[in-house]
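Please keep the structure open while going through them.

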Amino acid sequence: MDYSSFFHNALNRLHDERRYRVFADLERIAGRFPHALWHSPQGRRDVVIWCSNDYLGMGQHPKVVGAMVETATRVGTGAGGTRNIAGTHHPLVQLEAELADLHGKEAALLFTSGYVSNQTGIATIAKLIPNCVILSDALNHNSMIEGVRQAGCERIIFRHSDMAHLEELLRAIPADRPKLIACESLYSMDGDIAPLAKICDLAERYGAMTYVDEVHAVGMYGPRGGGVAERDGVMHRIDVLEGTLAKAFGCLGGYIAASAEIIDAVRSYAPGFIFTTALPPPICSAATAAIRHLKTSNWERERHQDRAARVKAILTSAGLPVMSSETHIVPLFVGDPEKCKRASDLLLEQHGIYIQPINYPTVAKGTERLRITPSPYHDDGLIDGLAEALLQVWEQLGLPLKRKSLAAE
C-alpha cells in the first residue's frame, strides 16, 4: 500500500484548485510594529505588515511585554500540565476574573485558543441541554461550525444576519424545545456587525439561549473594550460571550464568559478543557495587563478607527475596489484566486508590503480578496504608500478599478 500517494494526491488537489497556502517567514520587531523582517529566499528584507490581527499593537506594548517578562522571571514559563493535574496557577485565576469583569458576567473559563473555546464550548453547552436545537448564522467561523457539528444535536442555519429568517425558524420550533442561537458580533471577512439587540429580542420572545463570538471585537469596541455587545448595551442580555486574547489583546488563548453555573458545567464536562495543558503564567499575566490597560485607555481604539477610516477613504478615492465595511476591517475585492495570490506576492516582493490573500474556503469562490487591517501605528505615509503600491499591482495584473471620486479628480 502506497500511503504517501494519498497525501501527494491531496496536496495536488490544493495546487490544482489554486488553494495551496504559502506562509511568509516574518519576524516582528517590538517597538517598530507594523514594521517587520521578512526572511525571503534572497535574504532578510524590511516589510510593513498590513493584515495582522494584533489590531491595536498590544503584542508590543511595554505593559504587556513587561508583565510577561516579570512573571516568567518570577514563576517560570510552563503551567505544569492540565489544571486537573497541576492545579490552577494564580495568574490564570487573575485573568479569568478580569475577563468576567470585562463582560459583566459571574465567571469566565480560559482555553488554549479562541478556536478551542468555540469548538468545545458550543459542543459541551449543547450536549448538556436535552433535545437542544442550534440555530447558527450562515457565515459563522469554522470553529463555531465545528462546535455545532460536534454537539451532535439538530442544527439549523439561518441566512446571514437575516432576522426575518431567524424568527421564521424559531416560530417553527415547539415553544418548549430548548434552543441555542449562535452568531458572531463582528464578521471578520466582510467587516459587518450582527444586529445583536434584535437577536436578543428574538431569543427572549422564543425562549432561546444566546452564544455570541466577540473575537474580532473585544478590546476594540465599547467604552472598556467589552466588544460590540458592550457598545450596543446588550451584554447583560447575552447568555454566553466568547472571545480571544490573540487579537486586540496581543497574546494567546480563548475564553467564554457566562453565569457561574454555565462556566462550572463546561469546566466539568468539556474534553477540550479537561485534557489540555493550561496556558502558561507569563501569557496569562501579559493578557491581564493588556485587558486592564484597554479598560481605561481609549487612545488605541480611537486612533485605530481613525486609521481605518483614512485607509478606506484613500483607497476608495484612488478607485480601488474597497468592499463596504462598517468596522475596522478593510476588504479589497479581487474575485480571482490566482490573481489574489499574485497580488499578494507582488506587494511583498516589489513593495515590501505584506497582505495575505483570502481565498476559498475562507471566503466563497468568486469573492477572493485582500483583507487589510490598519493599526494605530500605520501613519499617513504608510497609508499613501499602500495606495500607490496597490495601484501599481492592479495595473500589472489588469484588475479593474472603480471610477475615482470627484474629490480625487
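1. Basis of the note. This is a predicted model, in which local features need pLDDT of at least 70 and side-chain atom pairs count only at pLDDT 80 or more, while totals for chains, interfaces and linings use all residues. Residues are numbered from 1 along each chain as its sequence is written, and side-chain values use heavy atoms, with hydrogens and water left out.

2. Overall fold. The protein chain has 15 helices and 16 strands, where helices (H or I, at least four residues) and strands (E, at least two) are DSSP runs numbered from the N terminus. The radius of gyration of the protein chain is 22 Å, close to the 22 Å that the globule rule gives for 409 residues, so the chain is as compact as a globular protein of that length; the radius is taken over C-alpha atoms, and the rule is 2.2 Å times the number of residues to the power 0.38. Along its principal axes the C-alpha trace spans about 60 × 60 × 55 Å. Of the 409 residues, 53% are buried, where buried means under 20% relative accessible area, exposed over 50%, and partly exposed in between (1.4 Å probe, protein chains only).

3. The cavity. The structure holds one cavity of 30 Å³ or more, and the largest cavity contains about 100 Å³ of space. On a 1 Å grid over the protein atoms alone, a cavity is a set of points where a 1.4 Å probe fits but cannot get out, a pocket is an open set with protein on both sides within 12 Å along at least five of seven lines, and lining residues have an atom within 4 Å of a point. Grid points are joined across faces, edges and corners, and a volume is the space filled by probe spheres set on the points. Helix H3 (83–86), strand S4 (107–111) and helix H11 (271–274) are the elements that give two or more residues to the lining of the largest cavity. By class, that lining has six nonpolar, five polar and one charged residues; Ala, Val, Leu, Ile, Met, Phe, Trp, Tyr, Cys and Pro count as nonpolar, Asp, Glu, Lys and Arg as charged, and the others, Gly among them, as polar.

4. Ala278 in the cavity lining. Among the residues lining the largest cavity are Thr112 and Ala278, which are 166 residues apart in sequence and 6.8 Å apart in space, C-alpha to C-alpha. Ala278 lies in the loop between H11 and helix H12 (281–296), and counts as buried at 12% relative accessibility.

5. The second largest pocket. This pocket has a volume of about 170 Å³, and its lining includes Phe23, Trp38, Lys341, Asp345 and Tyr354. Helix H14 (residues 337–351) gives the most to the lining, with five residues, and by class the lining has seven nonpolar, two polar and three charged residues.

6. Aromatic pairs. A search of the whole structure finds three aromatic pairs; rings of Phe, Tyr and Trp (its six-membered ring) pair if their centres lie within 6.5 Å, and planes under 30 degrees apart count as stacked, over 60 as edge-to-face and the rest as tilted. One of them is the edge-to-face pair of Tyr3 and Phe6, at 6.2 Å centre to centre and 65 degrees between the planes. Both residues lie in helix H1 (residues 3–16), three residues apart, about one turn of the helix; Tyr3 is exposed at 54%, whereas Phe6 is partly exposed at 46%. Trp299 and Tyr377 form a tilted pair, at 6.1 Å and 55 degrees. Trp299 lies in helix H13 (residues 299–317) and Tyr377 in the loop between strand S16 (369–372) and helix H15 (380–397), so the pair ties together parts that are 78 residues apart in sequence.

7. Around Tyr360. Lys365 lies over the face of Tyr360, at 4.8 Å from the ring centre; the criterion is NZ of Lys or CZ of Arg within 6 Å of the ring centre and within 35 degrees of the ring normal. Tyr360 is also joined to Pro361 by a cis peptide bond, with omega about 10 degrees.

8. Other backbone details. A cis peptide bond joins Phe33 and Pro34, with omega about 15 degrees. Asn131 has phi near 60 degrees, a positive value in a residue other than glycine, and is exposed at 52% relative accessibility.
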